[in-house]
Amino acid sequence: MNFPILSVITFLPMFAAAIMLMMPANRKNETRAVALAAASLDLLLSGWLYLQYLLGDMTGYQFIEQYNWLPALGINLKFGVDGMSTPLVLLTGIVMFTGVLISWGDEDPHVKAGIQDRPREFFAFLFLLAGGVFGVFVSLDLFMLFFFYEIAVFPMYLLIAIWGWVKTREYAAMKLTLYLFIGSVVALVGALAMYWTQYQNTGVLSFDMIQMESAGFSATFQYIWFLPVFLGFAVLGGIWPFHNWSPDGHVAAPTAVSMFHAGVLMKLGAFAALRVGVMLLPEGAKQWAWLLMIFAAVAVVYGAFIAFRPNRHEIHDRLLVRFAYGPGGAGRFHAQP
Amino acid sequence: MTHEFVTNLVWFIPLPPVIAFALIVLFTNKSKVLSHTVAISAAFLSWLGAMIVFWNAIKVEHFAEEPFASSINWLPTGDTWLKIGVLIDPLSATVLFFVAWTVLMIFLYSVGYHNFGQPAGDHDHAGLPPHGATVTDDLGHKHTVLSIEPMYSRFFAFISLFAFGMLTLVVSDNILTLFVGWEIMGLCSYLLIGFWYGKESARNAAIKAFMTTRIGDVFMLLGIAFLYSVTGTLSFREIFTEEILHTLASVPSGVFGLSAAGLIGLLLFIGTVGKSAQFPLHVWLPDAMEGPTPVSAMIHAATMVSAGVYAVIRMFPIISLDEKTMTVVAFIGAFTALFAATIAVAQNDIKRVLAYSTISQLGFMIAALGIHAYVAAVFHLVTHAFFKALLFLGSGSVIHGMEHGVLHTGNHKVDPQDMFNMGGLRKKMPITFWTFLIGGFALSGFPIVTAGFWSKDEILADAFGHGHTLIFATLAFAAFLTAFYTMRQITLTFLGEPRTQEAEHAHETPWTMTAPLVVLSFFAVTYGWVGIPEHFPLLGGLVPNWFHEFVGSTLAEHPEAVEFSPWPLITSLVVALGGLGLGWLVYRNVNSPAEDKLQFSLLKNKYYFDEIYDVIFVKPAYWLAENVIYKFMDQGVIDGILHAFGPTTGGIGSAIRNYFDVPFINQFIGDGSADATYWIGKNLRPIQTGRIQQYLILSLILLFVVGGLVYYILTLA
C-alpha cells in the first residue's frame, strides 16, 4: 500500500494538538515549537501532494484511501482528492503555517497578533480546527465530511470566546456557532434524505459520494433537496443573507483565527456546497441557479456598500464582498452546463 | 537577429521590473543604493530589449503582415483556452519606444528627486515628504539642506511594479492581459499618489483616483465580457479579421440601437474615459498631483493615461465600425480638450496647470480617433508623452529648486509649487529653464522645430480635411488656450524678476535630474521630423513621412494621408504664435494672483465639478451605505431577525415551561406523583398508632370483612 498521505495530512494536526495538550502549561516556547514543526510538516506534505497532482495526469480522484468504520451503515473513512480539493489542501497548509507564525507572540508589544495567553490551548484548538478543515477537503464519504465539518466549526467557538476581542467575543462566538450548526443540521437532513433515497433506488446503504453521483436521484428529489443542502453549507461560505455571523466573528477573532476564518473556513462552506450540493444534485443546481445568482449579485453590491460606509470601525466588513464569489461562481457555472 | 529570436525577446521585456520589485521588497529594501541600482538596472534591461525589438521592427519589410507574435495557453475554459501572448506590430513598437525611453529617464530622475546622497532628515517620518536636515560644515556653520526620502526603497519598488504593468499592457496580444496590466497600473497609481500617506490630501487623492478609474474599469470589463461572448476570443489578431469584424458590425446589441461593435466600443471607451481622465471622469487627475513628481510625470502624463488612449487606438478597428460610437468619442475628446484648457488658464499650482494640460491633450488624441485620424492620434500620443514627461520633470526640478530656497530662508509658509512665488528662475536654473522652454513650446505647437507642432497640426488638418468643422474649431481654440497658458506658466515661473526670497535662492538640481530633461527635450524636438506630411510646403518630402507609413500599416486598410490645405496650417500657426505672444504680453507684468484678470472663480474652482459630484454621488452613496444598507438592512432587518430568534426561542421555552411543563407534567407526573404518595402516607398515618388493641380490632374487622367477602364470592361462584 502507498504512503497514506491524506490521512497523515489530516490527522497530523490533531495528533500535534494532543501532544501539545500533554505538555506543561508553562513551557510556552516548546509548545510553539511543536506547533511550528507540525505546521511546517503539513505545509511540506500538502505542497508535495499538490506537485504530485500537477505532475500526474490531473484527472479524477487520486490518492484514494479507504478504511471501514461502520460498514453496516455504509460509513467508511474514505479519502481522495481531485482538482478542486488539491489546491485547497495546499491553501490550508499555507494558512496553517502562516497562522502559527503570526500567533508566535513574543514579548514585543508591537506584535499585536501574538498569543501570549495560554498558547498551548490556543494552538491545540487551532490545530484541531485545521485537522477538521483538511478532513472536509479530502473526504469522499458524506458522513465523514459532516464529521470533520463539525470538528472544524466547534473550536472556532472556543478560539473566539477565549482569545477574542473582549467587547464582543461572547456574542460573536455564540452567534457564529449557533448559525453554523443550524446550517449544518439543515444540510444534514438533506444528506440523510440522499442516503435513504439511494438505498431505496439501489439497495445499497452507503455514504460514499462517488456512488451517490450515480444514485439516480429524480429531478423532483433534486429540486426539493438542493436548496437545504446548498444553503445549509453555504451559510459557512457567508452567502447573503445568511452572512451576519461572519463580520461579527471577524471583528472578535484573534488574527490567526481570522486568517483561518477567511482563508479556509469560509472556503469550506463553499466547497461543501459545491461538492455535496452541486455535484450530487446537479439538476437541482440548474433549477435554482437563478436564485443563487441573485444572492451572489446582491451580496457583491451590498458588501461593497457596507465596506465603504463612513466611520466604519470594523474594517473586516470589507470581507463580505468576497463571500459572494464562491456561491456566485457556482451559480454561473451551472447556468451554462 | 532572426524573427524568432526577437519574438522570444519580447516576452522578456516586461519581466525585469517585476523581478526588481520582488527583489527590493524582499531583500534590498534596507539599502537605498541597492534598491535604486536594482530598479534602474531592470528599467535599463527593459529599455535595451525594447530598443532591440524596435530596431528590428523598423528593419522588417511589410512588418504589419509579419509582426513579432506568439502566444501560449493560459487558463482552460472548458474546451478552449484563454491565451496569453505577445504582439509587437507597428503600433505597439511605436508605443514601446516611447514607454521604454520615458520610463528609463524617469527612473533615473527619481534618484535625484528623492535626494539621494543627502543626509537623513531631522524630523522625517515615513509617509511624509522629507523636511530637510541640518548639517554643520567645517567652519561650524549650520545649514539646512534637503534630506533623503525616508521611504526611498519603497518608491523604487512601486515604480518598478508600475513599469511591469505598463510594459505588459503594451506587449500583450490580447485584451485580457492588456486589462491585467491596466489594473496593475491602477493599483500602482493608487499606491504612488498616496505615497506620502501621512498627508490627508494624499490619501483622499489616492482613493479618489482609484474609485474614479474603477468606474471606467468596470464598464471596460463589461465590454471585454461582451466581446468574448460574441466572438469567443480576446486575441487582437483573431478579432481583427474581416469575418469577425463583420459579425460584430452586423449583430445588434439591443442597446441604443447600436451594433455589437458599437456597444463594445462604447464600453471600452468608458474605460479609457476613466483611465485617461476624460470628461466626465476627469476629476481624479488634478488631485493625483499629490504624488511625487516623477509619479506625475510617468503615470499621470507619459504612460498610464496614455495607456487609456492606447487601448482605444488598439481597439480602433472595432470602435470605428459604428459611427454613433465614433461621434461620442469625437465629441467627448474635443469637449475635454477645450474644457480642461480653460481650467488650466486659472490654476496657480505649477503641477496642476500641467495636469489640466494633460487632460486637454489626451482630449486631442481622443477627438482625433473619433474622426478616424488614426495616425495623427498615435503621433500626438508619442510626442505628447515625450514633451509632457519633460514638462513634469521640469516642474519637479523647479519645485526642487524652490524647496532649496525654502530651506535656505526657513520660511515654510511659502508654497514651492505656487507659480506666483517664483519668477526669474531662468538665471538660477538654466538647464531646467531651457528644457522647460522646449517642452512648453512643443506643447504649444511652436512651428516647424517642435514635435508638438507636427502632431497637433496633423490632427487639425485631418479634422479640417474630413469636414468636421465643429471639432476643428473646438480643437483650434483649445490649441490657442494651450499656447496661452503655457506661456503664462513660463512667464510666471522663469521670466521677470524673482518675486520671493525663496526664488532668489533657488538652485539648479543635480545631474540625475537634469540629464533626463536633456534627453527628453531632444525627443520633444526631433520626434516630429519623422512625421512631416509629404505635401507640406517647402519641407514636405525632404524627410520621408516614415511615421505615417509605419503606423498606418497597422490597420488592414491603410489610411490615406489627407490632402494638403493651407487653412489648418495657417490656423495652427496663428493659434500657437498668437497664444504664446498673448500669454507673454498679458503676464510679463503680473506679480500676484490679484493682478491676474483671468482668475474667474468658475475656472479657479474647476467648474465646481468636485462639489457637484460630492452632492450627487459621494454623499448619497455614503448615506445609502450607512443608513440603508448597514443600519436598516444589515443591522436592522437581518440582524433584527436573528436577534428576534433568541427571545422567540426563549419565549417559546418559557411558555412551554409555564403553561405546560409546570402546570401539567409537573403537577400530575413530577410533583404530582410525589404529592400523591405524600398525601396517601399522611392520611394512612393515623392508623399507625402503635397500640396492640387497636391493631387487633382492626385485624378482626379486616378478617371479618375479607372472610365475608371470600365466603360470598366462593358461594356465589
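A nonpolar core is here a set of buried Ala, Val, Leu, Ile, Met, Phe, Trp, Tyr and Cys residues joined through side-chain atoms within 4.5 Å, where buried means under 20% relative accessible area, exposed over 50% and partly exposed in between (1.4 Å probe, protein chains only). The model is predicted, with local features needing pLDDT of at least 70, side-chain atom pairs counting only at pLDDT 80 or more, and totals for chains, interfaces and linings using all residues. Residues are numbered from 1 along each chain as its sequence is written, chains are lettered from A and ligands numbered from 1 in the order in which they are written, and side-chain values use heavy atoms, with hydrogens and water left out.

**View 1. The largest nonpolar core, with Leu248(B) and Tyr374(B).** This core has 210 residues, and Leu248(B) and Tyr374(B) are those with the most contacts inside it. Helix H17 of chain B (residues 374-409) gives the most to this core, with 19 residues; helices (H or I, at least four residues) and strands (E, at least two) are DSSP runs, numbered from the N terminus. Leaving aside residues up to four places away in sequence, Tyr374(B) touches Leu91(B), Ile313(B), Phe316(B), Leu369(B), Val551(B), Thr554(B) and Leu555(B), a contact being heavy atoms within 4.5 Å. Another core, of 106 residues, lies apart from it and includes Ala187(A), Met209(A), Leu292(A) and Ile638(B).

**View 2. Backbone features in loops of chain B.** Phe279(B) and Pro280(B) are joined by a cis peptide bond with omega of about 0°, and Pro280(B) lies in the loop between helix H10 (260-275) and helix H11 (284-287) of chain B. Asn115(B), although not a glycine, has a positive phi of about 60°; Asn115(B) is in the loop between helix H4 (90-113) and strand S3 (133-136) of chain B, and counts as buried because its relative accessibility is 6%. Lys606(B), also not a glycine, has a positive phi of about 55° and is placed in the loop between helix H26 (601-604) and helix H27 (609-684) of chain B.

**View 3. The contact between chain A and chain B.** Chain A contributes 16 residues and chain B 13 residues, and the area buried between them is about 1300 Å², of which carbon and sulfur atoms give 67%; buried area is the accessible area (1.4 Å probe) that two parts lose on being put together, summed over both. Across this interface 1 salt bridge is found, the criterion being a side-chain nitrogen of Lys or Arg within 4 Å of a carboxyl oxygen of Asp or Glu. The side chains of Asp639(B) and Lys175(A) meet in a salt bridge (2.8 Å, N to O). On the side of chain A that touches chain B, helix H6 (169-202) and helix H11 (282-307) of chain A are the elements giving two or more residues.
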